[in-house]
Amino acid sequence: MDSKIIPLQNIDEFKSSILIEERVAILIFTAEWCQPSLNLVTQMKKELDQQRKRLNQQTGAINIFVVDHEKEGCHQIIKQFAPTTLPYVYLFEKGKYIAQFGGLDVFAMNKLIKKALESSRAL
């Protein structure tokens, strides 16, 4: 099963999807006007799915949750995390923060994906 890209619309969706998530989850702050953000979401999903297949899918599905910086309902999520740049990425395991990085950093992205896959295998 491939990873899904799931847009979050408000703080309640954030709480019900990431904070009580029994698995590993990735949260990405983006904006429609920020092309690097949009590119990162696509690139991260593609790389995550490729790495999982390479590992013979011995890991659970890892979903990518997206918060659009411009969506009115997302302001509480943005206020809680206060990302300093776009894109900004957080990794969670069982609702707990594990790692983060900001910007379009392929090295940091691959490091976060590796950590996500390792965490997912341990669950």
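**Sheet, helices and cores of the predicted model**

Strand 3 (63-68) is largely enclosed by the rest of the structure, because six of its six residues are buried; buried means under 20% relative accessible area, with exposed over 50% and partly exposed in between (1.4 Å probe, protein chains only). Helices (H or I, at least four residues) and strands (E, at least two) are DSSP runs, numbered from the N terminus. The structure is a predicted model, in which local features need pLDDT of at least 70 and side-chain atom pairs count only at pLDDT 80 or more, while totals for chains, interfaces and linings use all residues. Residues are numbered from 1 along each chain as its sequence is written, and side-chain values use heavy atoms, with hydrogens and water left out.

Both faces of strand 3 are covered: N63, F65 and V67 lie on one side, I64, V66 and D68 lie on the other, and all of them are buried. Strand 2 (24-30) is also mostly covered, with seven of its seven residues buried. From strand 2, V24, I26, I28 and T30 point one way, whereas A25, L27 and F29 point the other way. In a regular strand, the side chains alternate between the two faces of the sheet.

The strands form an open sheet of five, in the order 1-3-2-4-5 and with mixed pairing. Two strands pair if DSSP finds at least two bridges between them. Strand 1 and strand 5 (96-102) are the edge strands, each pairing on one side only. On average, neighbouring strands of this sheet are turned by 25 degrees against each other, direction ignored. Strands of a sheet pair through backbone hydrogen bonds, either parallel or antiparallel. Strand 1 pairs with strand 3 in the parallel sense over four bridges, and I5 stands opposite I64 of strand 3. Strand 2 and strand 3 run parallel and are joined by six bridges; I28 has V66 of strand 3 as its bridge partner, and L27 stands opposite F65 of strand 3. Strand 2 and strand 4 run antiparallel and are joined by six bridges, with E93 of strand 4 as the bridge partner of V24. E93 also stands opposite K96 in strand 5, where strand 4 and strand 5 pair in the antiparallel sense over six bridges.

Two helices lie across several strands. Helix 2 (residues 35-54) lies across strand 1, strand 2, strand 3, strand 4 and strand 5, and runs at about 160 degrees to strand 2. Helix 4 (residues 106-122) lies across strand 2, strand 4 and strand 5, and runs at about 165 degrees to strand 5. For these angles, axes are lines fitted to C-alpha atoms, for helices over the stretch in contact (heavy atoms within 4.5 Å), and angles run from 0 to 180 degrees between N-to-C directions. T42 is placed in helix 2 and is exposed, with a relative accessible area of 52%. A polar atom of the T42 side chain lies 3.3 Å from the backbone oxygen of L38.

The largest nonpolar core has 21 residues, and those with the most contacts inside it are I26, I28, M44, V89, F101 and L112. Such a core is a set of buried Ala, Val, Leu, Ile, Met, Phe, Trp, Tyr and Cys residues joined through side-chain atoms within 4.5 Å. Strand 2, helix 2, strand 3, strand 4, strand 5 and helix 4 each give two or more residues to this core, and the largest share, six residues, comes from helix 4. Leaving aside its neighbours within four places in sequence, F101 is in contact with L40, M44, Y88, V89, A108, M109 and L112. A second, separate core of 19 residues includes L8, I11, F14 and I77.

In helix 1 (residues 11-19), I11, F14, S17 and I18 are buried. Seen down the axis of helix 1, these buried residues fall within an arc of 140 degrees, so they line one face of the helix; the arc is that of the directions from the helix axis to the C-beta atoms. What covers the buried residues of helix 1 includes strand 1 (5-8), strand 2, strand 3, helix 3 (75-81) and strand 4 (88-93). N10 caps the N-terminal end of helix 1, with a side-chain oxygen 3.0 Å from the backbone nitrogen of D12. R23 lies in the loop between helix 1 and strand 2 and counts as partly exposed, at 33% relative accessibility.

Notes. A polar contact is a pair of N or O atoms within 3.5 Å; within protein, one must be able to donate a hydrogen and the other to accept it, and residues adjacent in sequence count only if both atoms are side-chain atoms.
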